[in-house]
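Student: Hey, can you walk me through this one? I'd like to ask things as they come up.

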Amino acid sequence: MKKLSLLALLLMATSLLFLSPISAQETITLKGKELFGDMRARQIGPALMSGRISDLEAHPNNPRIIYAGTAGGGVWKSNNGGASFQPIFDDYIQSIGTVTVDPHDPDNTVYVGTGETWTRNSVSLGDGVYKTSDGGQNWKKLPLDGSERVSDIIVHPKNKDVLFVGELGALWGDSETRGVYKSEDGGQTWDNIFYIDQKTGCAELIMDPNDPNILYASMWEFRRTAWSFNSGGSKSGLFKSVDGGKNWKELRNGFPSGKLGRIAVAVAPSDGNILYAVIESEKTENNGLYRSDDAGNSWKRLNGDFGLVVRPFYFSRIVVDPKNPDVLVKAGLFGSISRDGGKTFKDPGNMHADIHDILFDINDSDRMYFATDGGVYRTWDGGSTLDIVSNIPVSQFYHLALDNEEPYNIYGGLQDNGSWYGPSHSPGGIEARDWNRVGYGDGFRVLRHSSKPIIYSEMQGAENVWRYDIERNQQKTIQPLPVKGDPKLRYNWNAPISLSPSKPDRIYIGSQFVHMSEDMGNTWKKISKDLTTNDKKKQDQENSGGLSKDNSGAENHCTVFTITESSLDENIVWAGTDDGNVQVTKNGGKKWSNVTKNIKGLPANTWCYHIEASVHDKGTAYAVFDGHTKNDKNPYCFKTTDFGKTWTSITTNDIKGFTRSIQEDFVNPDLLFLGTETGLYITINGGTSWSKFTNNMPSTAVHHLEMHPQTNDVVMATHGRGIIILDDISPLRELTNEILSKDVHFFNSEPFTLIEESGFGGSSTELQFVGPNRNRNAKIMYYLKKRHIFGKMKIDLYDQQGNHVKELSASKAKGINIVNWDYFTTTPKMAKGKTFTFGGFTAPRIQAGTYKVVMTKGKEKYETELVIKYDETSLVSADERKQHHEVTQKLFNMSEDLAYQVYQMDEMISGVNHLMGSLSSTEKEGNELLKKLNTLKESSVITTGDNYVGAAEPQLREKLAALYSKVASGFVPPSTSELENLALIEERFNKGKKELEALNKGPWAKLKDVGAIAGVTFPKVLSKTDFLKKS
Amino acid sequence: MIKSIKSTFLFLFVSLFALSLNAQSADEILDAYYEATGGRDAWNKVENMKYTAKVNQGGMEIPIEMVECKDGRSYTKVSFQGLNILQDVYDGKDLWNTNFQTMKAEKATSEDLSNHNLTIGDFPDPLLNYKKRGYKLELLGKESFDGTDAFKLKLTKKPMTVDGKEVEDTEYYYFEAESFVLLGQEMEVKSGPMKGLIQQITFSEYQEVDGLYVAFAMTQGEKGGQSQPIMIEKVELNVELDESIMAFPEEAPVEAPADKK
């Protein structure tokens, strides 16, 4: 039997031997975490302006638990009554329509309907319904195929397996996945129980609080295109079922005739007969709030205030106080509260505009939560005063830019939250106070002049393009204005602005033309003809909106959307338009070539979202297209190497969701980063295969991304989770098939800089979001073919002389691993006292130089080198560093010397006691020696008190440690005062050392001799080397 | 002896490799895990485990000693500058910690104690005898654990009490799909400012100790965030315990400086 098992083992090992080597032809394709290993994205917010919140939900019994669904940042849960929130849905699509807590198991079971239902032009998409059975730790997608926007999920109050789903459905095209769905098996199978047509979806589904057979469905006919919006039609209406959804009847008694638009509806939780509805209709005088007191059979119009009827597609929600049917709140531009059953309304207090949902606390109606375009607000006094939740970083960036400062800054514009810039690193973390506003309204592209303190920003269709002088704190608007002979200039809502890589003062702006200025926007000239299709049918925005006119500028179309000047040749400029054109000039705009027709496989008029001119080759560029406004969710990204004559698609089936932006690596042309609706994808082989990056990277829409040339960071503008940075992507540059087939591979790295800073950190409270800083540690980066599970694995660092400097824990994941070294060696071994000496917790930093890295992995050893350099911008000189190091080392050594002296004292004290106990004749000399030893010890180290205000008077150890820490923790050489203090301490140190030597050689040697003669043995005293080794 | 155990381990590894190709149940995965690490019987015979470990923090190498007993008694001893701080000490009656400022023992809250009492019997882990303990175990499926295929199991323990409210106590375990060893564990932080975050513990560097395979390296931290490595230098089974160390003392559990007379 044993022989057989050994044989099996041998066979197994042999077969593995033949299988494991990678043949030259075999391509290794690693995906996701197995490739990216330890590389983690860094989410830096900001959260001070937060972002759009689409839905709020309460736990039915526990007022501490609240859920917030967001427009593009997933689901957030509060466990502390709304004081702070945490994300619980990062791995899934981040656009949320609704969150529903199962009343049968409210602690654990929660449903999330994805796809926001507030259908503005920039709205993201959902992909169905998800369920958690453990309070949000794990989620499962329910099989409701084709779902795009879920308006409501209702769990039957008497049967947890019966679910109703309101499906608004597709915004940009026809869809049969619309209406009301029912499941009787907990979501495993679904029946569409109420369907009207491919254009009409369920905008709201509610249930009578007392009778689960009574359902109300607000059905809405709606459609958006890239250039228009339509709300309303003959199919819109409010419907009621009294038999659990089998049959539906339209409620119309009291409502206006003709077409209807989006209808908000609510039933009072405390009285099922009272319903409220806000109606959008053909005539504005008929729009407004209607109330029914007979469960929907008849309706009476009560009020048509602006706050109630404004933008129904964006604000159709009514929430009734759970205790009082006459208190209701309507979502809106500022929100509206009625306390008289809907007769009159007033605005709640100050908060961010654009309110989408309201939540009453389950016990106290004075406590409310508001979902706004700028985060969650809470009130404790019925909506009079409001306070923002400061830790929900769901800001929605459209674009970003970086500068060359150290640390670099990030510039970008946000949906309804202006334009901002903030640092990639800040003492104590990136706080709200680190961000600076540089624009109002909806912000988009924000750019920094490469050599002057000038920022360009814009709002809403170039309504304003600001040139802001940071130093003078002066702004001027500079957008190109029409001049004689011009047609109406058509600017996209998100109008393109770009800078020249070669001419710092040059700036481009796109309308239907490309405008160029060589003097920072004072003078403009058009350098192109109309580059768009100029399709007049797509330019009737004045009549956009449907029943309620909605001409905000957001639907402006047939515009230039992206402009890029090549960094290799200033005469090469690329332009892409929202109606699908790609145009290029090679002579600074004298002649443009429309190369769109050369892109095979791209549907006509697909929005060109981004063109990336290669930094490696003049003729090479990447064009990224977004077809979702044509209801086409496929990814489109093409590469040309011949100025657009031919194009190759570089997308694969690996990519889920449509695409918006690409970033080419500055070093390895095959390394590309793709921003998609569902997150970040990376290819290391020029697009042959793509891998989704998910390490601390939510599945949020990446609208734009840039790479920083000095730090090799990829910085992403996400439309729902703020700015996310993937620090130092350089390891990805080295990944080839050959390296992927190695067991272990160390990545090359630039020398690491020891930053000589020591500030005080930040000032945020625990309820405020603080973005993590870039990790400035030295990093040992390596690739492991397989996760290390069995046997020892560690990393040792040695200096040039071969001295062991530090042992580090190894990272063991499959893929890329990163081990950090904070530049510290180890703390000195301190003398043992009654209390701690806090100065002794300081470790010295290493000096710049080359260090040998030895990885021990099982029986194998692998080696590389790590280079540390000093900060070239530091004001500390080489001589000063040398002095700092020498004094630090001297104090370190003195601390360890003292530790050994105190150990010797303790051993002698113990020895004397032992001797006196064994030999009474030694008591007199012994007690004399003990007295001297104790006196010496009491002056060497604290022997009484505690670690706080009960502390004893500091002795030599404490004074030495305090000075050591003071010097070692900084970077500058010791001051004169510190050196004088050192002299004083050293004098006392030397005195004590001499005294101990004298006692050791004198009375203690004599007593030991006496003991030895009498046969008394003493425990061995450790040598200093052994003592220092002992932990 | 050691050699023969290693051969057995490798044989089991081979057998388990075949098992991994088939559909699994939670119990099969658990059986495979215990077989791979020494056998259920051997694990059930362990009375206590003592870990000697260290953590690195800002240049400090902090020695740690952790003891866990089958009867629920436990302590963690952390040493700074030769002084010992005791944490999560349970002597069979009291649960206590050393106050860092006064160096004196202070009792944990009644709620902490009652929650701790719920875990007595979860030795060496809550999985070994989960059925007897009245826990529920489910296989959630296969999932990537930091790039390595793993089976994910959910363990539902007895409800605990947090800030006066009863809450469900669940833990998630990841077993490597090839070798069936435990790669990691996750649980939600139930109280304090980190409440709601997912805590993750990883296990690696499995080595043999008296016939059992034990992880000699751990990391503890927030899932997807920063974590603290714990390097285990020695693991001992069935050690003779100094019971006095766990008894709730009237005074500081600090080793006083040498006596003076």
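Tutor: Helices (H or I, at least four residues) and strands (E, at least two) are DSSP runs, numbered from the N terminus. This is a predicted model, where local features need pLDDT of at least 70, side-chain atom pairs count only at pLDDT 80 or more, and totals for chains, interfaces and linings use all residues. Residues are numbered from 1 along each chain as its sequence is written, while chains are lettered from A and ligands numbered from 1 in the order in which they are written.

Student: OK, which residues of H9(A) meet H10(A)?

Tutor: On the H9(A) side you have A:Leu956, A:Lys959, A:Leu960, A:Leu963, A:Lys966 and A:Val967. They meet A:Glu978, A:Asn981, A:Leu982, A:Ile985, A:Arg988, A:Phe989 and A:Gly992 in H10(A). By class, that contact has 7 nonpolar, 2 polar and 4 charged residues. Here Ala, Val, Leu, Ile, Met, Phe, Trp, Tyr, Cys and Pro count as nonpolar, Asp, Glu, Lys and Arg as charged, and the others, Gly among them, as polar.

Student: At what angle do the axes of H9(A) and H10(A) cross?

Tutor: Roughly 145°, and the axes of H9(A), residues 956-968, and H10(A) come within 10 Å. Axes are lines fitted to C-alpha atoms, for helices over the stretch in contact, and angles run from 0 to 180 degrees between N-to-C directions. H9(A) passes H10(A) in a left-handed crossing. A crossing is left-handed if the near helix is turned anticlockwise from the far one by less than a right angle, and right-handed if clockwise.

Student: And how do the axes of H7(A) and H10(A) cross?

Tutor: The axes of H7(A) (residues 878-918) and H10(A) (residues 976-1013) cross at roughly 25° and come within 11 Å. That makes H7(A) roughly parallel to H10(A). Angles under 35 degrees count as roughly parallel, over 145 as roughly antiparallel, 65 to 115 as roughly perpendicular and the rest as oblique. H7(A) passes H10(A) in a left-handed crossing. Residues making the contact include A:Met894, A:Leu898 and A:Met905 of H7(A), and A:Phe989, A:Leu996 and A:Trp1004 of H10(A). The contact of H7(A) with H10(A) divides into 10 nonpolar, 5 polar and 1 charged.

Student: Switching topic: how is chain A divided into domains?

Tutor: Chain A has domain 1 (92-360), domain 2 (480-569), domain 3 (752-870) and domain 4 (878-1029). Those bounds come from an automatic or database domain assignment. Taken over C-alpha atoms, the centres of domain 2 and domain 4 of chain A are 78 Å apart.

Student: How many residues does each chain give to the contact between A and B?

Tutor: Chain A gives 57 residues and chain B gives 47. On chain A's side, the elements giving two or more residues are H1 (2-19), H2 (33-36), H7 and H8 (923-940). By class, that side of chain A has 15 nonpolar, 27 polar and 15 charged residues.

Student: Now strands. What's in chain B?

Tutor: S1(B), residues 48-57, and S2(B), residues 60-69, run antiparallel and are joined by 10 bridges. Two strands pair if DSSP finds at least two bridges between them. B:Asn56 stands opposite B:Glu61 in S2(B). The hairpin of S1(B) and S2(B) has 2 residues between the strands, and B:Gly58 takes a positive phi near 55° there.

Student: What does S2(B) do with S3(B)?

Tutor: S2(B) and S3(B) (residues 74-80) pair in the antiparallel sense over 5 bridges, with B:Val78 as the bridge partner of B:Ile64. This hairpin has 4 residues between the strands, and B:Gly72 in the turn has a positive phi of about 100°.

Technical notes
Two residues are in contact if their C-beta atoms, placed from the backbone, lie within 7 Å.
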